[in-house]
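Please look at the sequence and the three-dimensional view below before reading on.

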Amino acid sequence: MFFDTHAHYDDRHFDSDRDELLPALYAAGVELIVDPGCDTPSSRAALALADKYPFVYAAVGVHPEEMPHDPCDLAVIRALAQHPKCVAIGEVGLDYYWDKEHKEAQQALFRAQIELAMDLDKPVIVHDRDAHGDCLAVVRDYPGARGVFHCFSGSAEMAEELLKLGWYLGFDGPITYKNARRALEVLELCPLERILMETDSPYLSPVPMRGRRNDSRNLVYVAEKIGEVKGMSAEEAAKLCLENGKRLFGIGDAP
Ligand code: NI
């Protein structure tokens, strides 16, 4: 019943038990996972997991933290994106929290990967950390692009603008935190058909698992919170987000 649209099972934090954990997630009701790459090795690793596990799909891309990047990477990403289980380009975007030195280079790389996604008719998984204004400015330049702002942390005004442009918004563990006022305001205004549920595993564990390694089973806490805000059960919220994710990523028989 759960679709974790953003989880990094290629991450080294899963090296010790990845092959026990993934089947356990499926057995616990995690029906689908998208594992986004952050550079060329992790994009390859995400595809390898997608090859191994039928319920895992991959996205490929170069994360804005990977600066300066090798210009050849984009050709590699384009080639990797041909894989039948690559459902998106990501995660890509802008991160001015970790890196204020390469803003222009980050923007150029973000634009190139949006153009690649449009060229391949795939959605984009956007990482936006402390770069809300510039992220919005970039995506405004590509009205034909589609995708999700993962772990959305912008304002209600920015959310409204992205929703008008057709973007989905991803919600993670932080909506369960005490200081989540802004994210909850965004969740409240977000139409039901644009909400995605994610963990960003191994990071961002929701309350009451905060401080421990995250995994997709913890979507139950995210589902509870979404259900609470949207006036539905956790199960209904999970089902809704499953269908939304299938539609955006073109998986299965979603409408
Ligand atoms: Ni991520």
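Are histidine 8 and aspartate 200 buried or exposed? Both histidine 8 and aspartate 200 are buried; buried stands for under 20% relative accessible area, exposed for over 50%, and partly exposed for the range in between, with a 1.4 Å probe and protein chains only.

The model is predicted, and local features need pLDDT of at least 70, side-chain atom pairs count only at pLDDT 80 or more, and totals for chains, interfaces and linings use all residues. Residues are numbered from 1 along each chain as its sequence is written, and side-chain values use heavy atoms, with hydrogens and water left out.

## The nickel site

The nickel ion has as its protein donors His6 (NE2), His8 (NE2), Glu91 (OE) and Asp200 (OD), at 2.0 to 2.4 Å from it. Donors are N, O and S atoms within 2.8 Å of the metal (3.2 Å for Na, K and Ca); water is not among the atoms, so sites may look incomplete. Along the chain, the donors follow the spacing H-x1-H-x82-E-x108-D. Histidine 8 belongs to the loop between β1 (2-4) and α1 (18-27), and aspartate 200 to the loop between β8 and α8 (219-230), so the pair ties together parts that are 192 residues apart in sequence. Helices (H or I, at least four residues) and strands (E, at least two) are DSSP runs, numbered from the N terminus.

The angles among the four donor atoms run from 84 to 174 degrees, and the site is irregular. Four donors count as tetrahedral if all angles lie between 85 and 135 degrees; four count as square planar and six as octahedral if opposite donors are over 155 degrees apart and all others between 65 and 115; anything else is irregular.

Histidine 150, in the loop between β6 and α6, counts as buried at 5% relative accessibility. Leaving aside neighbours within four places in sequence, histidine 150 is in contact (heavy atoms within 4.5 Å) with residues including the nickel donors His6, Glu91 and Asp200.

Strand β6 (residues 147-149) pairs with β7 in the parallel sense over two bridges; two strands pair if DSSP finds at least two bridges between them. Valine 148 has tyrosine 168 of β7 as its bridge partner. From β6 the chain crosses through helix α6 (residues 156-164) to β7, and this β-α-β crossover is right-handed. A crossover is right-handed if, with the strands pointing away from the viewer, the path from the first strand over the helix to the second runs clockwise.

Strand β8 (residues 195-197) also pairs with β7 in the parallel sense, over three bridges. Here glycine 170 stands opposite leucine 196. The chain passes from β7 through helix α7 (residues 181-189) to β8 in another right-handed β-α-β crossover.

## Helix α5

Which residues of helix α5 (residues 132-140) are buried? They are Cys135, Leu136, Val138 and Val139. Seen down the axis of α5, these residues fall within an arc of 160 degrees, so they line one face of the helix; the arc is that of the directions from the helix axis to the C-beta atoms. The buried residues of α5 pack against β4 (86-95), α4 (103-120), β5 (124-129), β6 and α6.

## Backbone features in loops

| Residue(s) | Feature | Value |
|---|---|---|
| Serine 201 and proline 202 | cis peptide bond | omega about 10 degrees |
| Valine 207 and proline 208 | cis peptide bond | omega about 15 degrees |
| Cysteine 151 | positive phi, not a glycine | about 45 degrees |
| Leucine 204 | positive phi, not a glycine | near 60 degrees |

Cysteine 151 lies in the loop between β6 and α6. Leucine 204 counts as partly exposed, at 27% relative accessibility.

## The end of the chain

Isoleucine 251 lies in the segment after α9 and is buried, with a relative accessible area of 6%. The C-alpha atoms of isoleucine 251 and leucine 32 are separated by 9.3 Å, although the two residues are 219 residues apart along the chain. Not counting residues up to four places away in sequence, isoleucine 251 touches Phe3, Leu32, Tyr57, Val87 and Lys246.
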